[in-house]
Amino acid sequence: MMMITDIFTFICLIAGCGFFFSGSLALLRFPGTLSRLHALTKVDNLGLGLVVIGTIPQTDTLLQAMQILLIWFLVTFSGAAGAFFIARKHYNRRPAK
């Protein structure tokens, strides 16, 4: 049983790291601020979700699993808030037509 859990964790962590890598690549390669923000927030949230899903079976108690889920929620919320403020600043800097 332990080996199945380890394999599941390994697959989720590798997939999550792949999404983190593709989000970082999109941040460097995409042309505009808003397309970079969109790619980075979506892909990083999915990558973090896969890492969290992969680490939850490795926890010993329900409290540890709940703490990991709380961290996932807080990081997702702060990423969305940060992207909102960057996008708002981007729109405020554009010249009026």
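## Exposure classes and the model

A residue is buried under 20% relative accessible area, exposed over 50%, and partly exposed in between. At 46%, phenylalanine 84 therefore counts as partly exposed. The model is predicted.

## Helix α1

Helix α1 covers residues 2-29. Its 28 residues should span 40 Å at 1.5 Å a residue. The end C-alpha atoms are 40 Å apart, which agrees.

The buried residues of α1 are Thr5, Thr9, Cys12, Gly16, Gly23 and Ala26. They pack against α2. Threonine 5 belongs to this helix. Its relative accessibility is 15%, so threonine 5 counts as buried. Leucine 28 also sits in α1, but leucine 28 is exposed, with a relative accessible area of 67%. The C-alpha atoms of leucine 28 and leucine 70 are 30 Å apart in space, and the two are 42 residues apart in sequence.

## A nonpolar patch on the surface

Met3, Ile7, Phe10, Ile11 and Ile14 make up a nonpolar patch on the surface. Together they have about 550 Å² of accessible area. Phenylalanine 10 is placed in helix α1.

## Helix α2

Helix α2 takes in residues 33-55. Its 23 residues should span 33 Å at 1.5 Å a residue. The end C-alpha atoms lie 32 Å apart, which agrees.

The buried residues of α2 are Leu37, Ala39, Thr41, Gly47, Leu48, Gly49, Leu50, Val51, Val52 and Gly54. What covers them includes α1 and α3.

Phenylalanine 19 lies in helix α1. It is partly exposed, at 31% relative accessible area. Setting aside residues up to four places away in sequence, phenylalanine 19 touches Val43, Asp44, Leu46, Gly47 and Leu50. Among the buried residues of α2 are Gly47 and Leu50.

Leucine 48 is also one of the buried residues of α2. The C-alpha atoms of phenylalanine 19 and leucine 48 are separated by 8.5 Å. Along the chain, these two residues are 29 residues apart.

## The loop between α2 and α3

Glutamine 58 is found in the loop between α2 and α3. At 35% relative accessibility, glutamine 58 counts as partly exposed. Leaving aside neighbours within four places in sequence, glutamine 58 is in contact with Thr5, Asp6 and Thr9. On the same terms, threonine 5 is in contact with Pro57 and Gln58.

Threonine 9 is one of the buried residues of α1. Glutamine 58 and threonine 9 are 49 residues apart in sequence. Their C-alpha atoms are 7.7 Å apart in space.

## Helix α3

Helix α3 covers residues 62-93. It has 32 residues and reaches 47 Å from its first C-alpha to its last. That is close to the 46 Å expected at 1.5 Å a residue.

Ala65, Ala83 and Ala87 are buried in α3. The buried residues of this helix pack against α2.

## Aromatic pairs

How many aromatic pairs does the model hold? Ring centres must lie within 6.5 Å to pair. By this rule the count comes to 2 aromatic pairs. One of them joins phenylalanine 73 and phenylalanine 77, with 6.4 Å centre to centre and 20° between the planes. Planes under 30 degrees apart count as stacked, so this pair is stacked. Both residues lie in helix α3, 4 residues apart, about one turn of the helix. Phenylalanine 73 is exposed, with a relative accessible area of 52%. Phenylalanine 77 is exposed too, at 55%.

Phenylalanine 84 and phenylalanine 85 also pair. Their ring centres are 5.4 Å apart and their planes stand at 65°. Angles over 60 degrees count as edge-to-face, so that is the class of this pair. Phenylalanine 84 is partly exposed, at 46% relative accessibility. Phenylalanine 85 is partly exposed as well, with a relative accessible area of 47%.

Technical notes
Residues numbered from 1 in each chain as written. Predicted model: local features only at pLDDT ≥ 70, side-chain atom pairs only at ≥ 80, totals over all residues. Heavy atoms only, no water. Phe/Tyr/Trp six-rings, centres within 6.5 Å; stacked < 30°, edge-to-face > 60°. Helix = DSSP H or I, 4+ residues; strand = E, 2+ residues; numbered from the N terminus. Buried < 20%, exposed > 50% of the residue type's maximum accessible area, 1.4 Å probe, protein only. Patch = residues over 30% accessible without salt bridge, like charges linked within 9 Å, V, L, I, M, F, W, Y side chains within 5 Å. Areas by Shrake-Rupley, 256 points an atom, 1.4 Å probe, with all protein chains shown as cover. Salt bridge = Lys/Arg side-chain N within 4 Å of Asp/Glu carboxyl O. Expected span 1.5 Å × (residues − 1). Contact = heavy atoms within 4.5 Å.
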